[in-house]
Every structure is written in structure tokens, then in C-alpha cells.
Amino acid sequence: MYISIHYSVSPPQMAPFNLSVFLSFLVLFQFWIRVVGQSSPVFACDVDSNPELGSYGFCNRTLEVESRVVDLVKRLTLQEKIGFLVNSAGSVSRLGIPKYEWWSEALHGVSYVGPGTHFSNVVPGATSFPQVILTAASFNASLFQAIGKVVSTEARAMYNVRLAGLTFWSPNINIFRDPRWGRGQETPGEDPLLSSKYASGYVRGLQQSDDGNPNRLKVAACCKHYTAYDLDNWKGVDRYHFNAVVTKQDMDDTFQPPFKSCVIDGNVASVMCSYNKVNGKPTCADPDLLEGVIRGQWKLNGYIVSDCDSVDVLFNSQHYTKTPEEAAAVSILAGLDLNCGSFLGQHTGAAVKAGLLNESAIDKAISNNFATLMRLGFFDGNPSNQIYGKLGPKDVCTPENQELAREAARQGIVLLKNTAGSLPLSPSTIKTLAVIGPNSNVTKTMIGNYEGTPCRYTTPLQGLAASVATTYLPGCSNVACSSAQVDEAKKIAASADATVLVMGADQSIEAESRDRVDLLLPGQQPLLITEVAKIAKGPVILVIMSGGGMDITFSKNDDKVTSILWVGYPGEAGGAAIADVIFGYHNPSGRLPMTWYPEAYVDKVPMTNMNMRADQSKGYPGRTYRFYTGETVYAFGDGLSYSQFKHKLVKAPKLVSITLEEDHVCYSSECKSVDALHQSCENLGFDVHLRVKNTGKISGSHTVFLFSSSPSVHNAPRKHLVGFEKVSLAGEGETLVRFKVDVCKDLSVVGEDGTRKVGLGQHLLHIGTLKHSLTVGI
């Protein structure tokens, strides 16, 4: 439907304003918006409208995907093929192929970032889950997948009314290596195992089809940013020029495992290469990283896409090639299939003409792209006749989806400090509550970046006010807090039965292209907290809303600050979830997915140093809980509950033997480790059984961590996470938790050459305060 409006007013004379005409136009405009929003989705092979398309092999749903792709590619001209190398893919009307926009995002809900997704009055918002760092703090693998499933359902519903695409460039699974990184909030934290479990779980939730067809995709996910990418803009060093110098050991031990798990365990449809160089090569032009590892070793079933304008960056900013044609050629030959941006569209033709690139390389790239779209059903005709064809606006922002957003926030919130008897507050004894701080009544701050329009917001103030009478003061005009309302804040805290201070950061402090230079609460926030705590009549609860950790040692050691909660960026229902924890409607169970360092850390460790392991000779303390040797404010895995949980070891071996070939060198000479080879490792594992008891009166969830410390070989981690399991227990209830330990996978370490080794000798398993020693021998 098109509306054409013509004005025939000759200047300088103005037509008189006619309200009825204006209102009629407004109604027509709203109707037009509604019709456009509810129009049918974009798809190819519309045989109903053009029966001739039914004779084409690529439109034949009974053929294998590979055969259909071959048929399609051979029908295209070179120029048409080049049009499918970029995110705003071209149309081929003669073959019934419409334009398709590849770039949509779904980091923690369907996002309006990227041109492929929009909101309108047809679908005004989508469920906005907590920012990933808080969801990861739940350490609940089933939750990761459940969120992915809801997001993909809402995405499909929006696709059906032409408001979203089918290819979503999420999740971000980079390791949160440095606390200053502005994008750490988007990640599952600093631990490779947690990040791997998050990657595969969320991707399965997004992609798995409800009909059980393993080759069909509900939506196509994308794990990014490959690889060793965790610096955006720090002290004049930006991601477009940064060369990440990474040892083979750190690469295979820290940076690659989440991507490997995403491809192998999650069967992800896409991997995105990053802006930075790794050891001198732009990742999007490195054949070893792309063709060699992602496709060769990990067998990606899908496509490789560049971060937006990465190919342009490697030419214009990194000057990796002399000409744009060479940049296009080296990227495609390295294994890049799709360019977010226009660079390949502009320069690939010239690269072919110059003899830098054969057309067969382009065929290979677009074949991967077309295969992904075919697995999504894009070439299967009208989606209304397919499995998700009946989804629509009614399936977005459902009460169940919004409740899951609240539950995810509840499960992630971490209780870091709780002086006896402070929390939970009782709504029957607390009659008045002072709510103070720049994040007390925020909305958009709660959802972090790569956000969409949420279904609705519940701010911390609204959540708390639902249980008790509140007096509210922002305390600062924003989180920068250049000037604090200390006297006014002290006045309301002195007369309230309890005080909640909601402080922290927002996207002005930490964001994409914005790394921090310190770990302190901004501006006068510390002054406001300390002064209010001095005068407050009742308990003082400090709530930190942030993506990265903060040095809040002053509050940790302040007896007047009775409780501390870290709430990440808790999503659309964040305020309700915070209140649920503070008033005891929910027993907190979140654990920190990253180390909180003291401010002194930033003086010792430049962001540009990629080394994970400590170097005492250089005063370098190392990174993350696995290697860091210094003091912490709070440690990875820290988190309290309103209950107490006890562990009792039921089953674990004292000795594990590795069988080697009869003539192995380690039988005749002393070895400190052996290679984790398939023939030695097959079926080499054991069980660890634990009895976990909730000794408290109230029910609660608890994350059981299994850590391992290896013998001191190959500069091994101080300890590393082998497994985690979240259990829910009634008051005084107990359960048995079982871990299956694969010796070569879970007890091995990465050697200096990047290969896995199993240390011989004593290994120490840690479960809470329990320690169990076992010997690995031959």
C-alpha cells in the first residue's frame, strides 16, 4: 500500500491548518505503518506467486541442501554472486530471490542494533533479559538454553511480520580478560569452561528446531569475536590498530576454548572474526585461524562473517595489503564468506579481474551463506506453511517470557556481603525505606548494550516500593556523580528503617569503544556511600549495577555498610528481581563470573599485555583467578546465600592410571607429563559424587563447583574449573551431585607448544572447603 501526498501551496501564501484533514492523514499513516509492519516475511522460492520457480533445483525442498546450493550458484552471474558477499545482500528477481539483510542482533533479547531488526506498533518491544555477565553469574546451563529458546521464538515471531531477520550475530563469548574492558558486560566472564558452556547452551537455545531435525535452524546464531579480542579503546590504543601478541599456550588454553565449544558442541551456524590483529595478522585475513581451525579442525557447518567493516579496517587502518583488491582477495581466500559492510561488494570484482582471486573461491563463500539460509527455510517458500509460520506478535513479551527475565536476574544477582541479620529485610518490620543513588530509578541502564526495546521496565525504586513505603533521592545527577547530594541523602537515611544505595556504572563508563582506566566507583559515589552509612539508622544495603568489577574495598571493610549486592545490568525486570532478593522472596545464589581486583592492579597491568600467566621477574601478577597471584577485592565464584550448604565427598578415586604403548619413553625415564593422545585417553575417566545439604531453614539454590589443581608442570593454572552444577534444595534438604571427569580433557593442561598434557603426580580436587588428593600415574 502506498500513500502519495501532494502539496500545491504557492509561496509565500500558506494553506490554513485543517485539523480534520490532519487527523485523517494521521489515521491513514498509522494504518500504513500497521500494514507494512504486518506484511509477509522476506523469503525466496515463492512458487505460489511464480510456479516457474518450482522447476529450479534450489527451490526443491526434497533435495539435500548441498545439491540445492550447487544448483543455485551455477545459475548466478559473477556480479550477482558478489552481491551475496555482503550483509545487505542483493536480490535476483529473475530467480525469485529478494534482498536479505544478514545483520540482526540478539545478545540478551531481540535487539534493534543492526539494520535487520525493527520495532513498531505491531511489535513495540521484546523480552529484554539481563546483560550476559549477570546471566552467566547464575552458573545455570539450563537457564542459558532456556533464554536462547525464548529469544529465538520472539525473533521468529518478528520475522513473520517483517520486523526481523533470521541470522543473529550473537553471542559474544570473548574471555573477560581485563576488568577495564567496556564490553566485558556482554560476555560470560573470565573462565573458559563457563564461557564454553554458555556459548553452546545459548546457541542451542537459539538454533535447535522443535521438530527435531538436526539440520534445520530455528534462527542462526553467531559466536564472536574470533579471537583474542578484548580491548576496544584504552589510553589511545584502539581495536582497529591493536595487535594482540598471544602465546600458543594462552591461545589454546584461554582464548580458543569457548569458540571451539561453540562450533563443536553448539553446532553454531556462524563465527565472526574480529577487528584486531593476532600475532601480526588481521583475524579476518588469517587462513590458519579461519580455514585451518574453524573449518579444518572444528568443521564449522555454516559461514564466517567479518565484524562490521573489518575488511575495510585491515586495508585502510592496518595497511595489511597495498590495494583494496588484495584485501578482498586475502580475506576470501583465508575463509571469509560474508562481509559486514560494503568492501567486498566494491572490490571483489576487480580482484577477480586482476587475477588475485578465482570465481571458484567466491562460489565457495556464497555456498556457505546459501546453505545457512536453506537450513533456515528461507528457500522453502512461504514461511506460514512451515514449522514457525504461525508465530506472531502474540508470542512476543508473553507473561511467561517476562517472568523468565525476572527469574534470570534473580538467579544471577550476587550477594557479596551480609552482616548477620541484615538481609533479607522483613516487609512487616521495615516500615520506611530510603532509596538513594543514581541507578535507583533507571530504566535503560538496566539492560546494558546491544539492547532492544523491552516489554516494560521495573526500576529498582519501583521494585522496592511495591513492598514498603520509600523515600527516594538520586544523590547524583548521573553515575559520573561530579557533585553528590550528601546532606539531603543523610537526612532521609537517618529517619528510615533501612537504606538501599543503588550505585555503579552505565554505558557512559563502560561500553563498546569505551574501556575504563580505573576500577573505582565514579566521582563522589564513594563519598555518598560512606557518609550515608555513617548516619543511617538501620541496615545499609549497597547495590552495585555494573558490567565489570569495582574496587569497593572501602565498603567491604565498612561495618556500617551491612550488605553488598552486585546486580550486573539486570534487564527489564531488574528492579523486581533486586527487591525479590532484598526482601527474601528469593534466596540469592549467584556467583561472580569474574575476579574483582583492587585499584592497584591497573598500575601493574597494561591492557595491551595479553599474557595470562604471572611473571614475578617483571612484577606481572597474571590474569583471572586461574593465574592471578595478587590480592582480590572479591574472587571468582564468590557469592553468599541466606542458607548454608555443606558438601560431603561420597566417591572419588585416589589413583588413576594412564595406559601407554609398551615402548613409551616414560617407562624408562622420569616424565612429568604425558601427551593427551586419543589412544591413551579413550574411556579414561572417573566419577566424583558429593552429598550436598542445605543446613538452613529456607529453600535455596546452590552452585557446586569442582576445581582442579594440577602438578606444577607447563606453568599450569593455580586451579581451573572442571565442572559446575546448580541444585535447588528445600530447607534442610539434601541431594547427590555427580560429576563425570574425563582425565585427558578435564585434568590436562595446555603445554607451551599448545598441545594438551596430563601432569603425572598429585592432582588436587576442590569442592567448596573440601579437598581431595588423587595421583595420576602410568
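Which residues line the largest cavity? In this predicted model, select Leu107, His108, Phe129, Pro130, Val132, Thr135, Phe144, Ile147, Tyr198 and Tyr202, and you will have its lining on the screen. The space inside this largest cavity is about 40 Å³, and if you colour the selection by class you will find eight nonpolar residues, two polar ones and no charged ones. Now show the helices as well: helix 4 (132-136), helix 5 (141-159) and helix 6 (192-207) each supply at least two residues of this lining.

To see its lining, select Phe176, Arg177, Asp178, Pro179, Glu190, Met594, Thr595 and Tyr597; here the residues divide into four nonpolar, one polar and three charged.

The next stop concerns aromatic rings, of which the model holds 30 pairs. A pair of aromatic rings is described by the distance of the centres and the angle of the planes. Select tyrosine 100 and phenylalanine 378, whose ring centres are 5.2 Å apart and whose planes meet at 65°, so the pair is edge-to-face. This pair links distant parts of the chain, because tyrosine 100 is in strand 2 (residues 100-101) while phenylalanine 378 is in the loop between helix 13 (359-375) and helix 14 (399-412), 278 residues apart. Are these two residues buried or exposed? Tyrosine 100 counts as buried at 6% relative accessibility, and phenylalanine 378 counts as buried at 1%.

For another arrangement, select tryptophan 103 and tryptophan 169: their ring centres lie 6.0 Å apart with the planes at 15°, so this pair is stacked. Tryptophan 103 is in the loop between strand 2 and helix 4, and tryptophan 169 is in the loop between helix 5 and helix 6, so the pair ties together parts that are 66 residues apart in sequence. Tryptophan 103 is partly exposed, with a relative accessible area of 21%, whereas tryptophan 169 counts as buried at 0%.

Now widen the view around tyrosine 100 by selecting Tyr56, Phe58, Phe84, Tyr100, Trp102, Tyr303, Phe370, Phe378 and Phe379, which form one aromatic cluster.

Finish with two places where a charge and a ring meet. Select lysine 556 with tyrosine 634, and you will find the charged end of the lysine over the ring, 4.7 Å from its centre. Then select lysine 719 with phenylalanine 707, where the charged end of the lysine sits over the ring, 4.0 Å from its centre.

Methods
Residues numbered from 1 in each chain as written. Predicted model: local features only at pLDDT ≥ 70, side-chain atom pairs only at ≥ 80, totals over all residues. Heavy atoms only, no water. 1 Å grid on protein atoms, 1.4 Å probe; cavity = no way out; pocket = protein on both sides within 12 Å on 5 of 7 lines; lining within 4 Å. Points joined across faces, edges and corners; volume = space filled by probe spheres on them. Helix = DSSP H or I, 4+ residues; strand = E, 2+ residues; numbered from the N terminus. Nonpolar A, V, L, I, M, F, W, Y, C, P; charged D, E, K, R; others polar. Phe/Tyr/Trp six-rings, centres within 6.5 Å; stacked < 30°, edge-to-face > 60°. Buried < 20%, exposed > 50% of the residue type's maximum accessible area, 1.4 Å probe, protein only. Lys NZ or Arg CZ within 6 Å of the ring centre and 35° of its normal.
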